[in-house]
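Subject: Structure for your review

Dear colleague,

Please find below the structure that I am handing over to you.

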Amino acid sequence: MSQVVTYVVSYARTVAASSSSRLHSPVAWSRKSVQEGYYDLEAGETERTPLLYVRDNGRYRAKSLHRANDPNRVHPVALGLMVALLVFLLIGVVIGVYLLLLTVQRPWPVSHPFFLVERPAWWQYPVALEAATLDRLAVTNVIVLHTDSEDCLDQERCVRYLQNTERSCWAARRDHIPYNFLIGGDGVTYEARGWKSQHGFVDLPGRNTTLVVGMIGNFTDRQPAEVQYAELKAFITESIRRLSLSPQYRLHGAVNATRPSRDGTIALYSQLERWPHWKGFVARDQP
């Protein structure tokens, strides 16, 4: 009986020692598992990264199950700082552009809206505009003169005047209407050669630095309507806004050199002479 008890105690100690060795070893196996080639992974209490034992040239080596950190990976905090810096940079650019626009001096507060009728709206013929290109960045002068013709107080009459002038210029010298823009008594600006082409007056200076604006009508003895003056102001402001005219522009009137005593004092200029940027008259050789 004592031998049996001694055998049971000895067997129990053997089993306990085997169990303890299994718990403290990352890998434990049985004869069956060794024969079949399978291994049982067991992590100890203090092991945070389980290891995988793989066969390498007849030996077993440990391989971490956790992947190594990617050296090209951007940390979320760094990414957030980069985005915030980019946002602040864009805000700074917007504020800078806004402050720059505030420094551009407008000639006056404009309450009259700018109305524009473009050339294709009144000239729908196959002959396209052919004129030398105007250097928009060099435009520093505006010359205002009257057309010395009948008034036009509505769009129909103003369009008819432009069409007749275009036909006359083309028939006489195979050229287009010489003005860059014309302003009618209806308070509307009509595009002739526009902001991109040089004016066609051979007797006016600065063809590549000047916009020529014609006030439709004869204003030797009377002034244009207030709406025409207001539209001229709106045109100048719009030209500056489009970067087609320097904010430091110079405003001129045109004087007929053959009769300066009469043409130099026409009523058209009696108001323009009090406007900002007025720089006097330029002489014309033809009426």
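Predicted model: local features only at pLDDT ≥ 70, side-chain atom pairs only at ≥ 80, totals over all residues.

An open sheet is built from 7 strands, and its order is β5-β8-β7-β9-β6-β10-β11. The pairing within this sheet is mixed. At its edges stand β5 (116-117) and β11, each of which pairs on one side only. Strands β10 and β11 run parallel and are joined by 5 bridges. If you wish to locate β11 by eye, Gly253 stands opposite Phe281 in that strand.

In soluble globular proteins, nonpolar side chains tend to be buried together. Here the largest nonpolar core has 47 residues, and Leu232, Leu268 and Leu272 are the members that touch the most others. Several helices and strands each supply at least two residues of this core: the helices are α5 (155-173), α6 (226-241) and α8 (268-272), and the strands are β6 (141-146), β7 (181-183), β9 (210-215), β10 (250-256) and β11 (278-284). Helix α6 gives the most, with 5 residues.

Leaving aside residues up to four places away in sequence, Leu232 touches Val144, Ile183, Val213, Leu272 and Trp275.

Salt bridges

Side chains of opposite charge can pair when their charged atoms come close.

Arg284 forms a salt bridge with Asp203, with 3.1 Å between the closest N and O atoms. Because Arg284 belongs to strand β11 and Asp203 to the loop between β8 (189-191) and β9, this pair ties together parts that lie 81 residues apart in sequence. Both Arg284 and Asp203 are buried.

The second pair is within a helix. The side chains of Arg160 and Glu156 meet in a salt bridge at 3.3 Å, N to O. Both residues lie in helix α5, 4 residues apart, which is about one turn of the helix. Arg160 counts as partly exposed because its relative accessibility is 39%, whereas Glu156 has a relative accessible area of 58% and is therefore exposed.

The surface patch

Which residues form a nonpolar patch on the surface? They are Leu79, Met82, Val83, Val87, Phe88, Ile91, Ile95, Tyr98 and Leu99, and together they have about 910 Å² of accessible area. Met82, one of these residues, is placed in helix α3 (residues 76-103). With a relative accessibility of 53%, Met82 counts as exposed because the cut-off for that class is over 50%.

With kind regards

Note on methods: Residues numbered from 1 in each chain as written. Heavy atoms only, no water. Patch = residues over 30% accessible without salt bridge, like charges linked within 9 Å, V, L, I, M, F, W, Y side chains within 5 Å. Areas by Shrake-Rupley, 256 points an atom, 1.4 Å probe, with all protein chains shown as cover. Salt bridge = Lys/Arg side-chain N within 4 Å of Asp/Glu carboxyl O. Buried < 20%, exposed > 50% of the residue type's maximum accessible area, 1.4 Å probe, protein only. Core = buried A, V, L, I, M, F, W, Y, C linked by side-chain atoms within 4.5 Å. Contact = heavy atoms within 4.5 Å. Pairing = 2+ DSSP bridges.
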